[in-house]
Amino acid sequence: MLAAENIVLVSGAFRRSIPVADMELLAKKGQAQGLLADLLRFSNQNPVEVGKLLNQSIPLPLVLVSRLLNTRIGEALLDRLANIVYPLKTPGAGVPALRSALVIGIAEGDGNLSPVSFLRAYPNREMEVNLPALLALLQKANSISDLVRFFSESPLDGLQGKDSGSR
């Protein structure tokens with residue numbers, strides 16, 4: 001069976017590969033090597049903690065996920081993700097590759113999916129990650145979490161307390 005062997009980080013002319021074996025080593029032993037070690041050091045990430053994240057699995061019902069991925073909403077989600085992650089040199093194959101990796105990863109994980117099992121199920125030897133698109137998504141995610149945090153720590157809470165105390 002075909003599986004991802006390299007994660008290729010791409011930004012314009014910049015291209016660097018991280019072997020999936022390095023990700024698996026990080027997941028198993030919490031030890032980073034090569035470019036992965038440099039990236040973790042550069043981003044001030046603890047290799048042991050990142051290794052734990054790589055091992056975390058999410059229980060997902062296979063039939064439900066498979067059906068969802070074949071709906072218009074699922075297609076739209078896959079299409080957006082396929083702008084970030086796709087087979088190297090064949091960005092048009094991103095949607096089927098993602099769908100396949102998710103379904104096979106869940107099936108082989110007995111109803112669970114982890115980042116490592118996703119990589120093992122990815123149907124191409126090299127998975128390209130478009131760094132500018134990934135960073136834009138992360139920035140949007142941060143802004144959404146900032147927005148949620150703003151409203152959850154809202155100054156209106158203080159006003160409600162003052163208002164109710166003056167009655």
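Strand 6 is largely enclosed by the rest of the structure, because four of its five residues are buried. This is a predicted model, so a word on confidence comes further down.

As background, strands of a sheet pair through backbone hydrogen bonds, in either the parallel or the antiparallel sense.

Here are the pairings, with the number of bridges for each.

| Strand pair | Sense | Bridges |
|---|---|---|
| Strand 1 and strand 2 | antiparallel | six bridges |
| Strand 1 and strand 6 | parallel | five bridges |
| Strand 4 (residues 85-87) and strand 6 | antiparallel | three bridges |

Ile-7 stands opposite Met-127 in strand 6, while Tyr-86 has Glu-128 of strand 6 as its bridge partner. Further along the sheet, Leu-9 stands opposite Arg-16 in strand 2. Strand 1 and strand 2 form a hairpin with two residues between the strands, and in this hairpin Gly-12 takes a positive phi near 60 degrees.

**The nonpolar core**

Ile-7 and Met-127 turn up again in the core. The largest nonpolar core has 32 residues, and those that touch the most other members are Ile-7, Phe-118, Tyr-122 and Met-127. Two or more residues each come from strand 1 (6-11), strand 6 (126-130), helix 1 (20-29), helix 2 (34-42), helix 3 (47-55), helix 4 (62-69), helix 6 (94-108) and helix 7 (115-121). Helix 6 gives the most, with six residues. In soluble globular proteins, nonpolar side chains tend to be buried together.

Which residues does Met-127 touch, not counting those up to four places away in sequence? They are Asn-6, Ile-7, Val-8, Val-85, Tyr-86, Phe-118, Leu-119 and Tyr-122.

Is Ile-84 buried or exposed? Its relative accessibility is 9%, under the 20% cut-off, so Ile-84 counts as buried. Leaving aside neighbours within four places in sequence, Ile-84 is in contact with Glu-128, Val-129, Asn-130, Ala-133, Leu-134 and Leu-137. Between Ile-84 and Val-129 lie 45 residues in sequence, yet their C-alpha atoms are 5.6 Å apart in space.

**The whole chain**

Stepping back, the chain has nine helices and six strands. Of its 167 residues, 31% count as buried. Among contacts with a separation of 6 or more, 61% join residues 24 or more positions apart. The accessible surface is about 10,800 Å², and 59% of this belongs to carbon and sulfur atoms.

The chain has a mean pLDDT of 87, and 87% of its residues reach 70 or more. Where pLDDT is low, the predicted coordinates should not be read in detail.

Definitions and conventions
Residues numbered from 1 in each chain as written. Predicted model: local features only at pLDDT ≥ 70, side-chain atom pairs only at ≥ 80, totals over all residues. Heavy atoms only, no water. Core = buried A, V, L, I, M, F, W, Y, C linked by side-chain atoms within 4.5 Å. Buried < 20%, exposed > 50% of the residue type's maximum accessible area, 1.4 Å probe, protein only. Contact = heavy atoms within 4.5 Å. pLDDT = per-residue confidence, 0-100. Areas by Shrake-Rupley, 256 points an atom, 1.4 Å probe, with all protein chains shown as cover. Pairing = 2+ DSSP bridges.
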